[in-house]
Amino acid sequence: MSRYTVLRDHHGERFSFQRRLLVVLSVVVTGLLVLFGRMVYLQVMQYQKYQTLAESNRISLVPIPPSRGIITDRNGIVLAHNYSAYTLEITPSKLPGKLDDTIESLAGLIEITPKDRRRFRKLLDESKEFESIPIKTRLNDEDAARFAAQAFRFPGVEIKARLFRQYPMGESASHLIGYIGRINDADMKRLEAESDIANYKGTDHIGKFGLEKSYETVLHGKTGYEEVEIDAGGRAVRSLRRTAPVSGNNLILSVDIKLQQIAEQAFGTRRGALVAMEPATGGVLALISRPGFDPNLFVDGIDPVSWKELNESPDRPLNNRAIQGLYPPGSTFKPFMALAALETGKRRAHDSIGDPGFFILGNHRWRDDKVDGHGLVDMNKSIVVSCNTYYYKLANDMGIDLIAGFMGPLGFGSRTGIDLPGEKEGILPSQAWKRRAFKRKEQQRWLAGDTISIGNGQGYNSYTIIQLAQSVSTLVNHGVQYRPHLVQYIENSSTRARKQMEPQPIKRLPYKPEHIEVIKQAMVNVNLAGTSSRAFAGAPYGSGGKTGTAQVFSLKGAKYNASTTREDLRDHALFIAFAPADQPRIALAMIVENAGFGAQAAAPIARQVFDYYLLGKLPAKPAEPLPDEAPADSAEGTPLENFMQQHRHD
């Protein structure tokens, strides 16, 4: 047995226990603090974020596209509106089998025409697989009921109710109203660039042409949303909240659709364009481009066959000739040349020249259409009989810089700013323009001979019909120039409150009133006793006009013969006019392509337009060209046999 007994160190054990306990408590407290801090961070600092995420897990936002605004003419006649209809649609990504098999099965249930199939294929190429694509639009009740009974056989196919755009006037006014079409990749990129993509959620169509395009932001409206609670399978359970869409605003045009249709009818099957305006406001009363097209073809997606017919037609029905066609103005340019001569002091109204039937500059001889000339010609006579020699000499005396400097402010060679997309600029020839237009140095030099034809509206002159219409409106409106516009009011679709699109005077040109009166009176004499007197014979109102005939190709000294010239190379017929003569309420410019003399083919159309607008008179039939035989030029007693030759460039 040991002599010593080992005693326990109670103090040391207690100290060790307390130390371990302290460590454990520290760990526990630290952990609790960390948890508490995390709880504060999540519950307080990140509350909004995680609440939104949590809500999105159970709430889906369903866009509600707005109803597109309607378009009416100045009298309230509807030109574009919407209606609801059933559509049979396929979502390719949801099909269990082949797409072709599904279409064939559907064709056994509902008639699907070759046109429906072509349109579907075209849309399929332009769309993504997960998008719903219409195979059959505007289902009737019987077709909808028949499919509903067999819907279980067609996963990935469904019937939807959609709003459709309709243009009840068909081809009439198609170039100004335009059309809508399905949104493509280019549209999406543009909407993204404009930060407007969110407002097009759920919308399939967008303005593509005409007013539908230029007033897209006004017509479209604001997309609404419905908050829908969904289950774990993504199925809608209930609607939580709804923000109603805001319908697009309506457009009320300055156009009189009846006048538009009368002018279109007057053209018959001929190609051409006409723009009629109110000189005092710039409001467009009619804007014709013939031939037209049916904008309804584009609403569901035009089928390839119809597109090819329109796109490859030699008559170019998709081209808006009123604002995109470029033409030499021919002798309709002469009144403006005469005004330029008065304003620049190059001529006085009573100054006369002796017209021998030609004009010589250097070694070149420019012929007048009257072989032996018009004799003594002052400014009034030069317009009434359309004397070329007078304007050959005037252009030479003025020079190209003076001519271009006067015509530019009138609007020639510049876009008018009409509220339509795609307007062309045209060509106002000048020395500076020629230097820009030609590459070779020897071609850039302006020649004295270049100026001679400019005075008669030929040569390098190239303008749109709306530029001509704006210029004649400015002339008869005492030099006050307005921007042409088609929209007169924008109407709130809910309150019907209207906002007027105020006429926009662009400038006031400082022409002397007595100079304008000289030109206006000469143009009145044209309709009374000049080249368009037959077309306006018996009119109970006063009017002014100027005919024009523009060459399509250079004769190079040869004699023109319409009967032996290819149809598309024959001369264009032009006409500018205004009425009533004392206080014009309407001014117009027009062209009938390859129709020959302006007096024969164009002036009769203008007469029908004026008769309806001023008198309410409805024409019995389209305006027919006047026969070749012509009365004596009553202004000068020109012999009958010289009439046609005299007005070869009327």
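Student: What makes strand β11 (residues 272–277) mostly covered?

Tutor: In this predicted model, six of the six residues of β11 are buried. Buried means under 20% relative accessible area, so each of those residues falls below that cut-off.

Student: Which residues point which way from β11?

Tutor: Gly-272, Leu-274 and Ala-276 point one way, while Ala-273, Val-275 and Met-277 point the other way. Both sets are buried.

Student: What lies between β11 and β12 in their hairpin?

Tutor: Six residues lie between them, and Gly-282 in the turn has a positive phi of about 85°.

Student: What makes β11 and strand β23 (residues 586–592) a pair?

Tutor: The cut-off is again at least two bridges. β11 and β23 have six bridges in the antiparallel sense, so they count as paired. Here Val-275 stands opposite Ala-589.

Student: Why is helix α21 (residues 465–476) called mostly covered?

Tutor: 12 of its 12 residues are buried, among them Ile-465, Gln-470 and Val-476. Each is under 20% relative accessible area, so the description holds.

Student: How do you know that the span of α21 is close to the expected one?

Tutor: α21 has 12 residues and reaches 17 Å from its first C-alpha to its last, against 16 Å expected at 1.5 Å a residue.

Student: Which residue with a positive phi follows α21?

Tutor: His-478 does, with a phi near 60°.

Definitions and conventions: Residues are numbered from 1 along each chain as its sequence is written. This is a predicted model: local features need pLDDT of at least 70, side-chain atom pairs count only at pLDDT 80 or more; totals for chains, interfaces and linings use all residues. Side-chain values use heavy atoms; hydrogens and water are left out. Helices (H or I, at least four residues) and strands (E, at least two) are DSSP runs, numbered from the N terminus. The expected span of a helix is 1.5 Å times one less than its number of residues. Buried means under 20% relative accessible area, exposed over 50%, partly exposed in between (1.4 Å probe, protein chains only).
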